[in-house]
Amino acid sequence: MNEISQKERLLKFLRHLGVGQNRFSKQAGISSGNIAHWRNGVIPPKSLEKIRMAYPELNVNWLLTGEGEMVKNDDSNPKGDELNTVFPVSGDFKQEICRLQEILLIKDKEIVELKQRIEELKDDKTTLKHYIDTLEDALQMLKEKTSPAHAIDVIAG
């Protein structure tokens, strides 16, 4: 199954609004160069927050996962409705809950990316350790070939 990337979903949202990439870049405060470097179509957490601020109507859960509706509407928040059955919740409180849920999604994504980066760094560490060991072995061999007695013989000719 070929899943649509976050970047592709964002482009779909922008087409829906009739917003070009240059206008989006200015509105969200994200440089075009930055957008071009989103690896594997994954939007970094800092950029997600800027997008959320610039386009509050965008359903960030849809952007991240492809689940739910692309654009928020008042009826698209079942968790807020569930809260209302327990005790009355104002619209502002519901919005704050949604905002916090979006922040949690972003932080969860950031944690996953950091865990991946840690694994990459562990691999880099292993590779560097191998290179250091190889260089130390080569240095030791050079020291053995140029012992002081050998150096005196070379100088004495």
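# Exercises on a predicted model

Glu102 is buried, with a relative accessible area of 6%; buried means under 20% relative accessible area, exposed over 50% and partly exposed in between, using a 1.4 Å probe on protein chains only. This is a predicted model, in which local features need pLDDT of at least 70 and side-chain atom pairs count only at pLDDT 80 or more, while totals for chains, interfaces and linings use all residues. Residues are numbered from 1 along each chain as its sequence is written, and side-chain values use heavy atoms, with hydrogens and water left out.

## Exercise 1: a buried pair

Find Glu102 and Arg52, and list what each one touches.

Step 1. Glu102 is found in helix H7 (residues 91-145), and Arg52 lies in helix H4 (residues 45-54). Helices are DSSP runs (H or I, at least four residues), numbered from the N terminus.

Step 2. Contact means heavy atoms within 4.5 Å. Not counting residues up to four places away in sequence, Glu102 touches Arg52, Leu58, Val60 and Lys72.

Step 3. With neighbours within four places set aside, Arg52 is in contact with Val60, Arg99 and Glu102. Arg52 also counts as buried, because its relative accessibility is 10%.

## Exercise 2: the enclosed space

Which residues line the largest cavity?

Step 1. A cavity is a set of points, on a 1 Å grid over the protein atoms alone, where a 1.4 Å probe fits but cannot get out; lining residues have an atom within 4 Å of a point.

Step 2. About 30 Å³ of space lies in the largest cavity, a volume being the space filled by probe spheres set on the points, with grid points joined across faces, edges and corners.

Step 3. The lining is made of Lys7, Leu10, Leu11, Leu14, Gln21, Phe24, Ile35 and Trp38. H1 gives the largest share, four residues.

## Exercise 3: confidence along the chain

Where in the chain is confidence lowest, and where is it highest?

Step 1. pLDDT is the predictor's confidence in each residue, from 0 to 100. The chain has a mean pLDDT of 80, and 80% of its residues reach 70 or more.

Step 2. Confidence is lowest in helix H6 (residues 78-86), at a mean of 45, and highest in helix H1 (residues 6-17), at 92.

Step 3. Over residues 76-87, pLDDT stays under 50, and the model has 10 contacts beyond four places in sequence for them. Where pLDDT is low, the predicted coordinates should not be read in detail.

How values were computed. Helix = DSSP H or I, 4+ residues; strand = E, 2+ residues; numbered from the N terminus. 1 Å grid on protein atoms, 1.4 Å probe; cavity = no way out; pocket = protein on both sides within 12 Å on 5 of 7 lines; lining within 4 Å.
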